[in-house]
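Keep the structure in view and follow along.

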Amino acid sequence: MVEATKTVLIAGATGYIGRRLKDRLLRRGDVCLRLLVRRRSKLRQEVVGRVEVVEGDTFQAEALRQAVCGVDTAYYLIHSMGSGADYAERDRRSAENFRNACVEAGVRRIIYLGGLGCRETASAHLLSRLETGEILSSDPAVQTLWFRAGVILGAGSASFEIIYHLVQKLPVMLTPRWLTTRTQAIAVVDVVNYLEAALYAPIDGSQQIDIGSESTDFGGILRQAAHVMGLRRWLIPVSVLTPHLSSYWLMLVTPVPFSIASALIEGLKSETLIQNEHARLFFPQIEPVGLEQAFRLALQEIENDEVLSRWCDSSDGSVCDLQSQDDLHHAVLRDVRRFALGGRHPQAVFETVCTIGGQQGWFSFNSLWRLRGVVDKLFGGAGLNRGRRVAHALRVGDALDFWKVVDLKPGKRLLLLSQMKLPGTGWLEFVLEPEALVQTAHFCPKGLWGRVYWALMVPFHALIFRQLGQKLLEQSDLSPKKKDFLNI
Ligand SMILES: NC(=O)c1ccc[n+]([C@@H]2O[C@H](COP(=O)([O-])OP(=O)(O)OC[C@H]3O[C@@H](n4cnc5c(N)ncnc54)[C@H](OP(=O)(O)O)[C@@H]3O)[C@@H](O)[C@H]2O)c1
């Protein structure tokens, strides 16, 4: 029997899990989907036409009220990690606001995905995830299904990208002792399977549901990845690698910043094993895939250039409020260059502009860009090895090497916000006029050092930015017809 259409809210629909769940629920005919997002432009036009969108966050009472009004089931896929030192307090307030709004609106069920583990051994980050679950489950007026997952393996997840880069780059790995910590990772496809199945599962009362695949240790996960990637790798345990040192190492070798590396490593020190059998009991139809298949699915997504979401999709602290970040009026220093299109079609040039970065590189002086990336990593910036989600498409919120896409007007404008360590705020803007490509580096310096930095960069800008515009035009002559680069 087909169930009646129900209104379902996803809070956190622009995040790693939220984007995948949104795509899955959009395929169902029995769900009227509403999304609570901090910035509407992070959604594809095609999605906006098929869902209700409420723009706002969990700290805005009116937006929250609108978001939960008439909702049957509300997904809570939000966290504040990366928003600063007070993230735990923000997480508490966010969860309280959400729970209270749901109770007031008569929401039947909240579905929350948090971390796996117990309070006694929890890292600060995990503790915040546990507190969130406790707060959401604390009012009997609304039922909360609280899923708890450890390492999630899927293309674009932070854990997967760390493993992928380590295995790909290092034939011999000196590993810390706690690589023997037991864990139960899970494939992202299974996480989404559980979240989707939870919509209609006949479950009474609030429940914790631990999810995971086979039990192994972190060394086992690395070995399994190497096996699937067809590489021979040697892991040599050493005792000198402290968590701090390991976090620096991960930050340098992989795309994640120090904050995420250290949170993950803190998490690895204690076991993350399933503590209840509720997943099997409530969802007997779901048999999580093993690690080998989880890696194969992730690699397939990468090879097909179809990565749906990445850990860096969501905005961390410094770019949390993207709305204010595309306001260029504060920039007082600019490098503006106009390149005549010379009869080229503006759309073709724009499509080429949208392919910069990642594997493609920056069209000229790639070694200088790479050097800048290494220096940036050493100083704690994003560096270049973040690459891009897919080669042929961009969307607002995408990370692009050490930039973040903050505005994308198809055929007209691409605006990138710098996430390099800089004494100020920088943007790189490409605007297509009917006859010209206008490329501008904007900079809002912070103090005297910001101005000195800009002055020191002027000779490099003269070289790099002049060549960049010219090469983009030349490349647009050569590029084969690309896939519809906005249609992903
Ligand atoms: N990813 C994993 O590997 C993993 C593993 C285990 C458990 N989990 C759990 O899964 C849940 C989702 O994680 P995720 O990795 O998908 O997170 P994520 O990629 O960082 O996404 C977080 C989402 O929350 C939104 N958001 C943050 N604060 C908000 C607020 N106050 N109001 C409204 N929206 C807000 C973000 O919006 P913007 O796009 O505007 O930033 C983004 O859409 C978390 O509870 C996490 O603990 C994840």
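This is a predicted model. Start at the ligand. The shell around the ligand holds 33 residues, and Gly12, Thr14, Gly15, Asp57 and Ser314 come nearest. Helix 1 (16-26), strand 5 and helix 6 (158-169) each give two or more residues to this shell. By class, the shell around the ligand has 15 polar, twelve nonpolar and six charged residues.

Strand 5 leads on to a sheet. Strand 5 (residues 109-115) pairs with strand 4 (residues 73-76) in the parallel sense, over four bridges. Across this pairing, Tyr75 stands opposite Ile111 of strand 5.

Ile209 is found in strand 11. Is Ile209 buried or exposed? Ile209 counts as buried, because 24 other C-beta atoms lie within 10 Å, and the cut-off for burial is 20 or more. What does Ile209 touch, leaving out residues up to four places away in sequence? Its contacts are Leu145, Trp146, Phe147, His278, Ala279 and Phe282. Asn276 is 67 residues apart from Ile209 in sequence, yet the two are 6.9 Å apart in space, C-alpha to C-alpha.

Ala101 lies in helix 4 (residues 87-105). Ala101 has 23 C-beta neighbours inside 10 Å, so Ala101 counts as buried. Not counting residues up to four places away in sequence, Ala101 touches Leu64, Arg65 and Val68.

Step back to the whole chain. The protein chain is divided into domain 1 (6-303) and domain 2 (321-478). Their centres, taken over C-alpha atoms, are separated by 31 Å. Where the domains meet, eleven residues of domain 1 are in contact with twelve residues of domain 2. The domain 1 side of this contact divides into five nonpolar, three polar and three charged residues.

Finish with strand 16 (residues 403-409). Why is strand 16 described as largely enclosed by the rest of the structure? Five of its seven residues are buried, and therefore the description holds. Strand 16 takes part in two hairpins, one with strand 15 and one with strand 17.

Take strand 15 (residues 399-400) to begin with. Strand 15 and strand 16 run antiparallel and are joined by two bridges. Ala399 has Lys404 of strand 16 as its bridge partner. Two residues lie between the strands of this hairpin, and Asp401 takes a positive phi near 50 degrees.

Then turn to strand 17 (residues 413-418). Six bridges pair strand 16 with strand 17 in the antiparallel sense. Here Val405 has Leu416 of strand 17 as its bridge partner. This hairpin has three residues between its strands. Gly411, in the turn, has a positive phi of about 75 degrees.

Key
Residues numbered from 1 in each chain as written. Predicted model: local features only at pLDDT ≥ 70, side-chain atom pairs only at ≥ 80, totals over all residues. Pairing = 2+ DSSP bridges. Near = placed C-beta within 6 Å. Nonpolar A, V, L, I, M, F, W, Y, C, P; charged D, E, K, R; others polar. Domains from an automatic or database assignment. Contact = placed C-beta atoms within 7 Å. Buried ≥ 20, exposed ≤ 12 C-beta atoms within 10 Å, placed from the backbone.
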